[in-house]
Amino acid sequence: MPKGRNKQLIDERDRKLFERFYYWFDVQRLRFDDVIYKLSHEEFFLAEATTLRIVKRMLTEGATVDGHSVKRSRYVGFRSSRRQSAAGGQLSLFPE
C-alpha cells in the first residue's frame, strides 16, 4: 500500500464539496462568502483557503451537478493571481 493520500478519496471529497457548493449557492441563494464559511467550518472542516481553491478548480474545469452548472454571472469571488504594482500609474492623494 503506497504512502500518502488516496487520490480517489480526495476526488470524491472535492466532488461532494462542489455539490454542496452548488446547493447553497444556486439553490438556496446564499452569498458566496457565507457558502465558503459554511462549507469550511460546518460541513467539511477544511481551511477556507482550501475550500476556495477546490471550488475555484472545479469551476474552471467546468464541473456540473446532475447536468447543471454554476452560473458564472453570479460568480465574482476570485481575483487574478497576477498583482498590479502600485508604482507610477496611480494618482496621488496629495499632489505636489
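Author: In this predicted model, α2 and α3 pack with their axes 9 Å apart, at an angle of about 115 degrees.

Reader: Why is α2 called roughly perpendicular to α3?

Author: The angle is about 115 degrees, and 65 to 115 counts as roughly perpendicular. Therefore α2 is described as roughly perpendicular to α3. The crossing of α2 past α3 is right-handed.

Reader: Which residues make the contact between α2 and α3?

Author: From α2 they are F32, I36, Y37, L39, S40 and H41, and from α3 they are E48, T51, L52 and V55.

Reader: How do you know whether D14 is buried or exposed?

Author: D14 has a relative accessible area of 4%, and buried means under 20%; D14 is therefore buried. This residue lies in helix α1, which spans residues 7-27.

Reader: What makes the pairing of the D14 and R57 side chains a polar contact?

Author: The two side chains are joined at 2.4 Å, and the criterion requires a pair of N or O atoms within 3.5 Å. Beyond its neighbours within four places in sequence, D14 is in contact with I54, R57 and M58.

Reader: Which residues touch the most other members of the largest nonpolar core?

Author: They are F18, F21 and V70, in a core of 17 residues. The elements giving two or more residues to this core are α1, α2 and α3, and α1 gives the most, with 6 residues. Leaving out residues up to four places away in sequence, V70 touches F18, F21, Y22, F25, D26 and L59.

Note on methods
Residues numbered from 1 in each chain as written. Predicted model: local features only at pLDDT ≥ 70, side-chain atom pairs only at ≥ 80, totals over all residues. Heavy atoms only, no water. Helix = DSSP H or I, 4+ residues; strand = E, 2+ residues; numbered from the N terminus. Buried < 20%, exposed > 50% of the residue type's maximum accessible area, 1.4 Å probe, protein only. Polar contact = N/O pair within 3.5 Å; in protein donor to acceptor, adjacent residues only side chain to side chain. Contact = heavy atoms within 4.5 Å. Core = buried A, V, L, I, M, F, W, Y, C linked by side-chain atoms within 4.5 Å. Axes fitted to C-alpha atoms, helices over the stretch in contact; angles between N-to-C directions. Parallel < 35°, antiparallel > 145°, perpendicular 65-115°, else oblique. Left-handed = near helix turned anticlockwise from the far one by under 90°.
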